[in-house]
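Subject: Structure handover

Hello,

Here is the structure for you to work with. My notes on chain B follow below it.

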Amino acid sequence: MFVNQFLILAAVLFCIGVYGVIARKNAVLVLMSIELILNSVNINLLAFSMRNGSLDGHTFALYIIAIAAAEVGVGLAMVLLMYRNRRSIDLDELSEMKG
Amino acid sequence: MFAEATETATEVVLSSGWFLEHAWVIPVIPALSFFLIIFFGKRMPKKGSEFGVASMFGALVFAGGAAYQWIQRVNGAPEGAFISPVVKTWTWWQNSGVSFGIGQHVDGLTVAILLVVAFISTLVQIYSLEYLRGDRRYTHFFASLTLFSAGMLNMVVAENMIQLILGWEIMGLCSFLLIGHWWEEGANSRAALKAFFTTRTGDIGLLTGTAILFFSANEWTTKTLGVSGFSIRGLSSWALSGDPGHAAITMGAIALFIAAIGKSGQFPLHTWLPDAMAGPTPVSSLLHSSTMVVAGVFLVARVYPVFFKGMEILGGSANFIVVIGGITIVIAALLAFVQTDIKKVLAYSTVSQLGYMMMGLGAGAWLPAVFHIFTHAFFKACLFLGAGSISHSSSHHSFEMKKDMGGLRKFMPITFGTWVISTLALCGVFPFSGFFSKDEIIDNVGHNGYNVFMYVGLAGAFLTAAYMTRATYLTFFGQPRGASAGEHHEEESHDSHAAHDDHADHGHDAHDSHDAHASQGPHESGWLITVPLIILATLALSSGFLNALPFGEKFENFKKWVEPSAEVINPTGIAYVVGGIGEARIASETPSEESGHSKSPCGTETPEQGVCAAPQLNHAPFKWSKAAMSMLIVLAGFLLSLFVCIQLYEKKNKKFVGLTERNKVLGFGYKLLVNKYYLDVLYEKIIVRSIAHPISAAVYWFNQKVLDGVVNGAGTTAKGIAGWVYRNIDQRVVDGAVNGTGSVAQGAGSALRPVQSGKVNQYGALLFGAAAIGALVLVIVNT
């Protein structure tokens with residue numbers, strides 16, 4: 001099978017996601033980048049599941065999709081509250097935790 | 001297993017064609033157009049609407065081509081032969097022996113509904129060019145409308161249940177988006193949410209039903225037909241094969257029917273449909289009257305054998321479908337009498353007509369029900385677009401019949417003419433199209449032995465004539481009132497108007513010019529609005545002749561083209577998938593002719609030597625006496641309603657005005673209707689609260705008592721231990737050590753302090769850096 005292509009795609013998506021998490025200042029874009037990372041993991045799972053001919057990977061992927069949906073729900077709620085309190089979703093301005 | 005059958009079968013080569021083979025392209029065109037509108041729409045000169053209109057026109061051409069070639073295919077086949085659907089599949093998903101495809105399943109039902117959907121979508125998009133001109137979210141509106149068409153067309157050509165669910169859910173999403181198009185108004189976004197959640201309640205049934213049927217049917221379909229248990233032709237044949245257990249198919253059919261109840265606004269989940277009128281009028285016309293809401297009816301018609309066996313249709317007693325359909329007809333028609341909003345009258349009318357379709361399907365009148373989908377789409381879309389035309393040009397964006405309309409027939413002759421034609425079609429007056437479909441449903445329901453429901457249908461016809469007369473009277477006759485009379489009342493309190501006013505604040509450019517128009521008084525709408533009205537009215541008048549039973553068999557074209565023949569066929573006949581020429585095999589035993597219709601064992605007995613794809617149904621012979629009786633009932637409804645309207649609204653007769661306040665029985669009925677049978681109260685106040693409230697209460701209790709108790713208990717215990725430790729160990733032993741450690745920690749802390757920058761991105765970078773190092777270590781250790 002063409003597992004390699006899937007793995008390369010997953011790696012590319014993962015790197016884009018990591019770049020987004022590190023470099024982006026907008027909270028929504030960071031959340032989207034996290035989604036990319038999760039989905040690159042999904043692609044890996046599916047690729048190996050296909051190679052091994054088992055349904056386990058699919059099951060995990062479905063779980064991840066469900067959990068990712070919940071995570072985005074929480075994340076977006078936080079972004080919304082952040083926006084209500086400070087009229088901005090710029091992550092640089094959120095530095096109250098500075099030691 | 002079927003070896004003998006193959007030997008004795010005669011082979012018929014059916015014609016096919018490019019459009020028929022490529023019917024899957026039809027939903028792809030608007031889907032691509034949706035992305036074009038989303039990405040480039042705002043930069044285009046017409047703000048993306050040109051993509052929408054062009055793609056719908058393309059889909060219409062393709063659907064027309066497919067319909068033409070399907071008719072060729074049927075006409076070229078011998079009488080009574082089973083015309084195999086043109087099926088194509090590609091694997092969408094497969095793993096460990098489980099797979100499902102994506103593709104097309106094109107037969108008479110498919111091409112008929114494809115044609116309707118593409119046609120109405122095209123007209124409604126043209127109409128929207130004028131109706132939404134200058135709207136703030138003009139591009140988004142066309143994007144959603146186009147995506148909806150893609151979803152619906154995809155559902156119609158769907159080869160299997162998964163693909164059908166895909167289209168079904170896209171439609172649900174677009175319905176939500178379009179009802180809430182002017183979401184700044186709270187009522188609109190509430191209506192959108194209500195529609196979404198109510199249909200979702202039914203959609204649970206769609207998933208459950210599909211799963212039940214798949215696990216029951218998969219083995220049989222794979223062995224006999226070589227297709228998966230999701231496949232529509234597989235499920236149809238399986239249902240009639242005698243293989244399914246009684247419980248499995250009954251549960252599957254009930255679950256699927258619950259989905260149809262939700263989507264098609266059947267009792268008791270019809271409550272979302274009238275509220276959905278909060279959306280723009282083109283949306284009501286396309287989604288919530290002529291196409292999307294018939295999806296549930298389409299689902300039942302699509303896998304009809306499953307319902308036929310599962311619900312025991314024609315089994316001699318009333319079944320679930322026919323009962324729900326019958327109830328829906330009457331309760332919705334009664335509700336239409338107390339509405340003052342013209343769109344809500346039409347919405348309840350739609351619910352009632354959907355009830356007719358369901359009742360027809362439940363009583364074995366498959367063909368009249370499908371034909372009613374076909375004709376109803378034209379005249380109901382026309383009525384809604386007419387209502388939009390009135391509010392756009394005459395009543396200053398109001399839909400209130402009593403406050404802002406009246407006497408409009410002089411000002412809007414085209415709207416009035418098309419409205420009257422469509423109303424007559426809706427009431428089922430000969431020779432308008434509704435007569436040939438609705439009357440056939442009533443007739444066939446009676447013919448199949450469901451006498452009670454025949455009377456329900458006739459009562460519905462009476463009510464339909466009466467409420468449509470009332471609406472027509474209030475709108476077009478009498479004296480102009482309110483906005484139509486040129487009065488401007490900007491402090492509008494009613495919903496629909498407020499919605500429009502609200503979106504006017506956001507740049508409805510045409511609005512200003514409208515004020516100028518309105519001050520000139522009501523007038524006819526522009527050609528972008530009247531031309532679709534005229535086209536639809538023409539079809540409302542003429543489309544019935546596609547299946548005009550009274551004029552003999554030559555006029556029964558719709559039956560010939562659409563109804564699948566109930567033949568015992570060789571399994572390869574329908575499992576056959578080919579790019580070039582379709583093929584059908586019919587068993588050589590010629591079925592005996594009986595009262596003009598061939599009798600086959602399909603549906604009643606287990607077929608031997610082959611499979612059935614459709615159950616054997618009866619058709620009621622046409623009798624002028626029966627038609628005359630229903631015409632008299634319609635006439636009675638019309639006259640009675642006209643009499644009451646004139647007494648009530650024109651002469652202000654003391655006997656009639658205020659009757660509901662004086663007479664207790666009538667007052668009770670009126671109150672019940674105004675409160676919509678208290679169903680909304682039941683759902684929102686009782687069911688939702690009884691579920692949501694205990695959950696939140698239980699969570700609160702758990703939080704307060706259990707979690708806090710544990711935490712507090714742990715706290716107290718820890719405090720006790722800590723006190724002892726403090727006195728005995730800490731003071732003496734540890735302090736010395738701690739002071740030493742403290743100074744070390746302080747040093748380390750100030751060294752590490754820059755790491756705690758408070759910047760999330762840097763934390764992320766550290767996390768990934770650490771993970772990368774961890775991964776590297778793992779790789780090195782493992783090799």
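At what angle do the axes of helix H13 (residues 295-302) of chain B and helix H16 (residues 342-362) of chain B cross? They cross at roughly 10 degrees and come within 10 Å. H13(B) and H16(B) are therefore roughly parallel to each other. Axes here are lines fitted to C-alpha atoms, for helices over the stretch in contact, and angles run from 0 to 180 degrees between N-to-C directions. Angles under 35 degrees count as roughly parallel, over 145 as roughly antiparallel, 65 to 115 as roughly perpendicular and the rest as oblique. Helices are DSSP runs (H or I, at least four residues), numbered from the N terminus.

This is a predicted model: local features need pLDDT of at least 70, side-chain atom pairs count only at pLDDT 80 or more, and totals for chains, interfaces and linings use all residues. Residues are numbered from 1 along each chain as its sequence is written, while chains are lettered from A and ligands numbered from 1 in the order in which they are written.

On the H13(B) side, Val297(B), Val300(B) and Ala301(B) make the contact, and H16(B) supplies Leu354(B), Met357(B), Met358(B) and Leu361(B). Contact means C-beta atoms, placed from the backbone, within 7 Å. By class, this contact has seven nonpolar, no polar and no charged residues. Nonpolar covers Ala, Val, Leu, Ile, Met, Phe, Trp, Tyr, Cys and Pro; charged covers Asp, Glu, Lys and Arg; the others, Gly among them, are polar.

Helix H7 (residues 161-179) of chain B packs on H8(B) at about 170 degrees, with the axes 8 Å apart. That makes H7(B) roughly antiparallel to H8(B). The contact of H7(B) with H8(B) has ten nonpolar, five polar and one charged residues.

H8(B) itself (residues 186-224) has 39 residues and reaches 54 Å from its first C-alpha to its last, close to the expected 57 Å (1.5 Å times one less than the number of residues). At Ala217(B) it bends by about 50 degrees, the angle between axes fitted to the seven residues ending there and the seven starting there.

The contact between the chains takes twelve residues from chain B and 17 residues from chain A. Helix H31 (residues 760-782) of chain B gives the most to the chain B side, with five residues.

Regards

Note on methods: Two residues are in contact if their C-beta atoms, placed from the backbone, lie within 7 Å. Helices (H or I, at least four residues) and strands (E, at least two) are DSSP runs, numbered from the N terminus.
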